[in-house]
Amino acid sequence: MLKAVILIGGPQKGTRFRPLSFEVPKPLFPVAGVPMIQHHIEACAQVPGMQEILLIGFYQPDEALTQFLEAAQQEFNLPVRYLQEFAPLGTGGGLYHFRDQILAGAPEAFFVLNADVCSDFPLSAMLDTHRRHRHPFLLLGTTANRTQSLNYGCIVENPQTHEVLHYVEKPSTFISDIINCGIYLFSPEALKPLRDVFQRNQQDGQLEESPGSWPGAGTIRLEQDVFSALAGQGQIYVHLTDGIWSQIKSAGSALYASRLYLGRYQITHPERLAKHTPGGPRIRGNVYIHPTAKVAPSAVLGPNVSIGKGVTVGEGVRLRESIVLHGATLQEHTCVLHSIVGWGSTVGRWARVEGTPNDPNPNDPRARMDSESLFKDGKLLPAITILGCRVRIPAEVLILNSIVLPHKELSRSFTNQIIL
């Protein structure tokens with residue numbers, strides 16, 4: 001028997017994802033046509049012996065989350081439950097707090113997945129590795145170039161046994177080109193080190209002179225409090241993958257993740273990909289179109305486009321490397337490139353909405369997506385264009401590398417700006 005835990009965080013996180021996270025919890029943001037965490041659930045549901053999937057986070061259980069959970073249970077015929085933390089507890093605190101629910105039924109092991117990662121999720125391969133060498137912690141690792149590895153948790157392994165000898169979260173100098181993917185397989189005994197951290201936090205909190213500044217004994221960081229402390233003690237091992245993987249920290253990385261998932265649909269979900277048909281729009285590359293969307297036959301879509309529920313795409317529209325969220329309208333002859341068009345937004349005739357992609361270096365096989373902040377040296381960095389919900393762009397307006405917050409109606413062109 002197996003279980004899976006998806007760590008979905010809470011509203012105090014994901015500031016780089018704004019304004020998209022203003023409307024829905026970030027884990028429910030659609031990537032390649034389905035909510036971000038549905039990719040995780042689909043992968044978990046395919047593992048033989050999976051009995052339950054638990055979501056742990058600090059979001060209020062609103063209508064959108066409730067509807068998603070109900071639909072997921074019906075689609076995958078698995079219990080999918082949300083466990084709400086009483087406070088933000090870090091990447092490990094929720095696991096310890098809800099340990100009784102995780103261990104109910106005596107699972108042989110349980111997967112732990114961060115919600116903000118895109119991957120092909122080689123869970124069955126990880127399970128095979130775990131069953132050959134039963135250790136408390138198994139981490140999924142991949143490679144990054146020397147510079148970008150500093151932005152991740154770095155793993156030094158024994159190349160013969162794959163034991164994690166050293167672990168440093170976001171080191172200041174180069175440690176290793178093997179990085180932590182945020183996907184794990186834990187044995188039940190992995191919760192014992194979390195208990196030790198909890199008890200140590202309790203003791204430290206009692207000694208703390210300023211209790212108001214103490215984050216709480218329940219706050220546990222898997223990376224710093226557990227992995228770094230236990231590395232080299234024969235308890236943590238790494239399973240390396242060369243499959244697709246990326247973090248989803250910003251809107252730009254959501255577009256990149258959408259591209260990766262759309263490409264993977266060729267193997268996993270070919271039925272989700274639009275096909276060129278007589279009298280239909282011209283499809284170039286991988287494109288997802290929701291069945292309720294209305295797309296004019298003269299539109300040209302792709303590559304790497306996702307069109308949501310109830311979207312209207314007019315005659316002569318050109319869409320490329322973009323996500324159009326549900327209820328949006330693209331009027332005749334608009335051009336949308338490297339952008340995310342928000343819920344219920346309208347782009348007028350002959351308008352152009354364009355962003356600057358910040359994709360990984362195609363000439364470096366180890367390059368990863370850079371999830372930089374929106375600003376550097378007080379200036380807005382060139383980035384994809386984001387239109388918030390119910391934004392109206394009039395005819396013949398040009399929007400380049402801008403972020404338009406919700407409920408705005410523009411009257412002129414903008415470049416490299418945040419429109420408040």
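Asn114 is in contact (heavy atoms within 4.5 Å) with Leu7, His40, Gly182 and Tyr184, leaving aside neighbours within four places in sequence. This is a predicted model: local features need pLDDT of at least 70, side-chain atom pairs count only at pLDDT 80 or more, and totals for chains, interfaces and linings use all residues. Residues are numbered from 1 along each chain as its sequence is written, and side-chain values use heavy atoms, with hydrogens and water left out.

**Asn114**
- Asn114 sits in strand β6, residues 109-114. Strands are DSSP runs of E, at least two residues, and helices are runs of H or I, at least four, numbered from the N terminus.
- Asn114 counts as buried because its relative accessibility is 15%. Buried means under 20% relative accessible area, with a 1.4 Å probe and protein chains only.
- Ile8 is 106 residues from Asn114 in sequence, yet their C-alpha atoms are 6.7 Å apart.

**Nonpolar cores**
- A nonpolar core is a set of buried Ala, Val, Leu, Ile, Met, Phe, Trp, Tyr and Cys residues joined through side-chain atoms within 4.5 Å.
- The largest core has 71 residues. Phe29, Ile53, Phe111 and Leu123 have the most contacts inside it.
- Helix α8, residues 251-268, gives this core its largest share, nine residues.
- A second, separate core has 31 residues, including Leu54 and Phe186.

**Ile53**
- Which residues does Ile53 touch, not counting residues up to four places away in sequence? Among them are Ala4, Ile6, Ile41, Cys44 and Arg81.

Note on methods. Buried means under 20% relative accessible area, exposed over 50%, partly exposed in between (1.4 Å probe, protein chains only).
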